[in-house]
Amino acid sequence: MTQTKRPDSAAHTAGGAPAVAFSGVTRSYGAVRAVDGLDLEIAAGETVALLGRNGAGKSTTLSMLLGLLPPGTGSVRLFGGTPQAAVRAGRVGAMLQDGKPVPRVTVRELITFVAGTYPRPMDVTETLELAGLGEFGGRRVDRLSGGQAQRVRFAVALAGNPELLVLDEPTAALDVEARRVFWRSMRAYARRGNTVVFSTHYLEEADEHADRIVVMDAGRVVADGTGAAIKRRAGGSLVSFDLAGASTGPLSGLPGVSAVEVRGDRALLRTADSDATVVALAGLGLVRGLQVAPAGLEDAFLALTSGNAPHTPAPDAATRSAKELA
Amino acid sequence: MLDYIRLEVRRTLRDRGFVIFGIGMPVLMYLLMTNIGAGPGGAGMEWKTASMVGMAAYGALGAAIGTGTGVAEDKQLGWLRQLRITPLGPVQVVVGRGLTAAVTVVPALASVLLVGGLVNGVRMPAWQWAALAGLLWIGTAPFTLLGLGNGYRLSAQSTGVVNTGCLLLLSIVGGLWFPAELFPGWLRSLSSWTPGNRFAELGQSVTQGGAPGLATVAVLAAWLALFGGYAVYAYRRAARTV
């Protein structure tokens, strides 16, 4: 596996155009706004995770990125041109979420065909190796297991040696081991100087495998940065303790506290200032089994997407999450 | 695009359903209709020849329309969507699919003609065989377009049913199974306006030593234009969602 940067990437990026640029993009299905005013720029060579729950607008965003769906308003540009132009020039490869295996072809036949449609394809054997399909070349695509078929879809995306690799929930059907292999291949491909955009609702995946995480909720970007930055942005720590029958009423009014959750007899407080919160709890005598922990990415994600974070003052979302927490 | 045609031809010929029903059925029906119930002396050479043309036409028609069924399946599988994000252009994909039909009709057509010549002893000069095969081959174009139109327009399930319905209707009313001369008068006159009938007429005229009449060519051209328009309309509609 070569670690060299793409020889052609310098020429392609000479104009300085970002690999992906969404500006003011909106897309509705009937009355539902799937994507709502999306502005997003991805530089060539970046590996970006699009993180969000089901229905957050990730797939719609990727469909528009690939030119499969025209934006309602706004513009989508790939390498400074239209998505269609980038696709026709063979600069894009994609793994779609809803693709099913094509019947009556072997893995190698399929990958050879796809590679042949690109101007500068990857060697077929190399593609199969990279996708973990080395021994399945002669097998019929429709006779593979779900996980193997998923690897075929990855190989289809890689076959043309595209500068921009788009993966829509690439690990959905994979077991733990297959996932590890998949991410290793993906990172090897990204290291060659390629741009990779993948969507996921697994936080760990986004944190571990992307340089940058774009968190989407209700069709908008609610956070954008490295995993560490997003954790910071969501604010601080989790303070938990045993309620031992105490009332939860005053907890949400304590200094620093942004959310209160009760699990069994244990109260969990999300706080921006754990010191002040702990002092206040001590004043109330609520210190049994007290623990202070930094908020994980999971908590950060929930905070960001439920509207609790200070930078997303969406009143309806805040009310909803307050109800959920209560 | 050649690679695409090669891939799709391969996929079609590996389809057991296609081989059995698309190639085997017309041959079997031809043998049945010319050898069973024909009396001790067997069927006359005239019927053996006419039925050979009819069944070759039926086989070719089935293979041509069946291409559309494949398109509907590909649409459902997401394969057409995947093709849209390769450098292959949408026009190349549609034209490639159409040309795939031009290849897959050949075995359906050739097998009936071979059985006619080798088993049923149909004899014609070489130019007549060549002209017959060539005209029947070209004449499949309207049916390919009809099948493609259905394939782009309808879901995979309905396409299968609608295409099979079209095949049977066009074949039977067109007189490919039983000669249109046996039909009641009204059906005979209706039949002469259908593409299936005129398609077989292309071949029958050659076996009778002549060239296809102007009316036959005109009726087929009209159907070609109609089905072509339908295919373009269906594709444009589908392109929004595929």
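1. A crossing of two helices is called left-handed if the near helix is turned anticlockwise from the far one by less than a right angle, and right-handed if clockwise. In this predicted model, helix 3 of chain B passes helix 5 of chain B in a right-handed crossing, where helices (H or I, at least four residues) and strands (E, at least two) are DSSP runs numbered from the N terminus.

2. This is a predicted model in which local features need pLDDT of at least 70 and side-chain atom pairs count only at pLDDT 80 or more, while totals for chains, interfaces and linings use all residues. Residues are numbered from 1 along each chain as its sequence is written, chains are lettered from A and ligands numbered from 1 in the order in which they are written, and side-chain values use heavy atoms, with hydrogens and water left out.

3. The axes of helix 3 and helix 5 (residues 90-118) of chain B come within 8 Å and cross at roughly 150 degrees, axes being lines fitted to C-alpha atoms over the stretch in contact and angles running from 0 to 180 degrees between N-to-C directions. The two helices are therefore roughly antiparallel (angles over 145 degrees; under 35 counts as roughly parallel, 65 to 115 as roughly perpendicular and the rest as oblique). Residues in contact (heavy atoms within 4.5 Å) include Met52(B), Gly59(B) and Asp74(B) of helix 3 and Arg97(B), Leu109(B) and Gly117(B) of helix 5.

4. Helix 3 (residues 45-77) of chain B also packs with helix 7 (residues 141-153) of chain B, at an angle of about 20 degrees and with axes 7 Å apart, so these two helices are roughly parallel. Among the residues that make the contact are Leu61(B) and Lys75(B) of helix 3 and Phe143(B) and Arg153(B) of helix 7.

5. Between the chains, 28 residues of chain A are in contact with 22 residues of chain B. The buried area (accessible area, 1.4 Å probe, that two parts lose on being put together, summed over both) is about 2,400 Å², of which carbon and sulfur atoms give 59%. In chain A, Leu68(A), Arg104(A) and Phe113(A) lose the most area to chain B, together 30% of what that side buries.

6. Three salt bridges (a side-chain nitrogen of Lys or Arg within 4 Å of a carboxyl oxygen of Asp or Glu) are found across this interface. Arg14(B) forms a salt bridge with Glu109(A), with the closest N and O atoms 2.7 Å apart.
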